[in-house]
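Some notes on this model follow. Please read them with the coordinates open.

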Amino acid sequence: MLRIDNEKCNACGLCVKSCPFGAIDVNDEVARANELCTLCGACVNVCPQAALEIERRQVSLEELAQYRGVFIWAECESRDARDTPKKVAYEILTQGRRMADKLGEQLCAVVLGNDRLSEIENLCYHGADRVLSCRHELLGHYSSDGFTSVLSAVIAKEKPSIVLYGATPNGRDLAPRVAARMHLGLTADCTELGIDEQGQLIQTRPAFGGNIMATIISPYTRPQTATVRPNVFAAAESDPTRPVVIEEVPVTLSKANIRTRLIEEIRLESEAEKIDEARILVSAGRGCQDQVNLDTIRKLARKLGGTLAGSRAIVELGWIPHSLQVGQSGTTVGPDLYFAIGISGAVQHVVGMSSSKKIIAINKDPDAPIFKIADLGIVGDALVIIPKLIEEIERIKVQ
Ligand SMILES: Cc1cc2nc3c(=O)[nH]c(=O)nc-3n(C[C@H](O)[C@H](O)[C@H](O)COP(=O)(O)OP(=O)(O)OC[C@H]3O[C@@H](n4cnc5c(N)ncnc54)[C@H](O)[C@@H]3O)c2cc1C
């Protein structure tokens, strides 16, 4: 809680100005905090009288020691009427394995779904010591209420020390809800994870527009929870010799617990599908000059068996939907091949595609930052180069 020392407070009002949540007001010559306070500490840092202090409940070592093990939420997606783990589940499982080994603890994957759940033994082949399978007819599709209730109950019972989620749309919804319900810390969108000497989870994520990397720990609460960007970490190879341990967890859930209803599922058009899982991405930037030129870029993508994507600049121009935006405020991608066409290489773009296996950049500016991370750079006018490239691909295909 935020403690304000009335003896020291001189009602200068600096804390009021510094509070981003409007949680402090000055009445009767003293500052008072209200329920909007998030304990962010901004007011403490500005008070010239040192009148403010955040009092946190110190967790004893005995309490911390009750929490053991690394859990990941293995999100599943529908394929051919079955629900199987998403690619990101294997990526975070691999990180979870690394941390569990460092801590000398178990790695557990939690899956939520109904009878369509399948291939969950693959989670053991990719590193899980056990899978907790929570099946219920009301978990057949994602709902914030249903998934939060069930996962919170599993966490409360099992007491893991770390819980990781993929930073997918559902993961970004579920993780903060569970954290709020259980009063936990949460770091969103991590791009690096580690364990420090005290066994705490080190969570690193870009901050301030990607210009700095912030390293965050959660010393006061357990489990420590984080969402992890898809396509940042590689998934380990499957090892089918690993033992499969699947435990069915009884689930109690009723329709009354879930405030939302699924009315209809609308599949995205093929182009807008899953740039995060595409093997080849052909990404266009403002340097493509005009929306009509995207037809040629799209043609190149088709010829290569790839998918069109783009920078935020062309999303803001209305040339492509946000679902195709690569970068910090779009999607993080990790294809085998990434074409950056007329893209300058701003840090917010690069942070979303730098884990691509091969990067080919076409830009007429030889000093464009994108060339610093490109495996192959072509300096020139993309509007001239792309048609020639398409011609050449067609020629090779005919041969
Ligand atoms: C908080 C925040 C979040 C952001 N999130 C994202 C994000 O998720 N994704 C993202 O992409 N951006 C993001 N941005 C914006 C980012 O900073 C850049 O403004 C954006 O990436 C620039 O897009 P661009 O490279 O297409 O355009 P520009 O920076 O305008 O670059 C155009 C490039 O095209 C080249 N060019 C021009 N004509 C030609 C030609 N005929 N042939 C070849 N090359 C040519 C130019 O030399 C130039 O390098 C974010 C910004 C902020 C502040």
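1. By class, the ligand shell holds 16 polar, nine nonpolar and five charged residues. Nonpolar here means Ala, Val, Leu, Ile, Met, Phe, Trp, Tyr, Cys and Pro; charged means Asp, Glu, Lys and Arg; the others, Gly among them, are polar. This is a predicted model: local features need pLDDT of at least 70, side-chain atom pairs count only at pLDDT 80 or more, and totals for chains, interfaces and linings use all residues. Residues are numbered from 1 along each chain as its sequence is written.

2. Among the 30 residues around the ligand, Gly285, Gly287, Ser311, Arg312 and Gly327 come nearest. A residue is near a molecule if its C-beta atom, placed from the backbone, lies within 6 Å of it. Helix 9 gives the largest share of the shell, three residues. Helices (H or I, at least four residues) and strands (E, at least two) are DSSP runs, numbered from the N terminus.

3. Strand 5 (residues 70–73) is covered on both faces: Val70 and Ile72 are buried on one side, Phe71 and Trp73 on the other. Buried means 20 or more other C-beta atoms within 10 Å of the residue's own, with C-beta atoms placed from the backbone.

4. Strand 5 runs parallel to strand 8 (residues 107–113), joined by four bridges. Strand 5 also pairs in the parallel sense with strand 10 (residues 162–166), over three bridges. Pairing requires at least two DSSP bridges between two strands. Ile72 has Ala109 as its bridge partner in strand 8 and Leu164 in strand 10.

Key. A residue is buried if 20 or more other C-beta atoms lie within 10 Å of its own, exposed if 12 or fewer, and partly exposed in between; C-beta atoms are placed from the backbone.
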